Amino acid sequence: MTTDEEVESLLDEDLSDYLHSDNFKLVNFEFKPKDKTVNLRLSEEMLKTVKAVSKKEGIPYQRYIRRAIEKSLGE
C-alpha cells in the first residue's frame, strides 16, 4: 500500500475471514540494550545448523543464539 487512502479503505472492509492463527506469527521485542559482547567457539557444522535454523525462523543467527540462552535461563 502506498497511500493513506488505500490503508483506510482496507480498514473499512470486513477482515474477519483473514483473522485466524495461520496469519499471525510470534514476534519478540527486545528492549534491553545489548552493550556487552561474547566470543564463542562452535564447530563449523553447528554454526551452519544455527544459521540455517535461524534463517528458517526469520531472525539473525546471533539473535537466535541469544534467545536460546535466554530461554535456558528462564527469561
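Reader: What do the side chains of lysine 48 and glutamate 44 do?
Author: They meet in a salt bridge, at 3.5 Å from N to O. Keep in mind that this is a predicted model.

Reader: Why would side chains pair like that?
Author: Opposite charges can pair when the charged atoms come close.

Reader: Where do lysine 48 and glutamate 44 sit?
Author: Both are in helix α2, residues 44-57. They are four residues apart, so about one helical turn separates them.

Reader: Is lysine 48 buried or exposed?
Author: Exposed, because its relative accessibility is 54%. Glutamate 44 is exposed too, with a relative accessible area of 57%.

Reader: OK, how many salt bridges does the structure hold?
Author: Two. Besides the lysine 48 and glutamate 44 pair, arginine 67 meets glutamate 57 at 2.3 Å, N to O.

Reader: Which helices do arginine 67 and glutamate 57 lie in?
Author: Arginine 67 is in helix α3, residues 61-72, and glutamate 57 is in helix α2. So the pair ties together parts that are 10 residues apart in sequence.

Reader: And what is the relative accessible area of arginine 67?
Author: It is 29%, so arginine 67 counts as partly exposed. Glutamate 57 is partly exposed as well, at 39%.

Reader: New topic. Which residues form the negative surface patch?
Author: Asp4, Glu5, Glu6, Glu8, Asp12, Glu13, Asp14 and Asp17.

Reader: Where does glutamate 6 lie?
Author: In helix α1, which covers residues 4-11.

Reader: What is the relative accessible area of glutamate 6?
Author: It is 36%, so glutamate 6 is partly exposed.

Technical notes. Residues are numbered from 1 along each chain as its sequence is written. This is a predicted model: local features need pLDDT of at least 70, side-chain atom pairs count only at pLDDT 80 or more; totals for chains, interfaces and linings use all residues. Side-chain values use heavy atoms; hydrogens and water are left out. Patches are made of residues with over 30% relative accessible area and no salt bridge: like charges are joined within 9 Å, nonpolar side chains (Val, Leu, Ile, Met, Phe, Trp, Tyr) within 5 Å. Accessible areas come from the Shrake-Rupley method with a 1.4 Å probe; for residues, only the protein chains shown count as cover. A salt bridge is a side-chain nitrogen of Lys or Arg within 4 Å of a carboxyl oxygen of Asp or Glu. Lys and Arg count as positive and Asp and Glu as negative; His and the chain ends are not counted. The place of a charge is taken as NZ of Lys, CZ of Arg, CG of Asp or CD of Glu. Helices (H or I, at least four residues) and strands (E, at least two) are DSSP runs, numbered from the N terminus. Buried means under 20% relative accessible area, exposed over 50%, partly exposed in between (1.4 Å probe, protein chains only).
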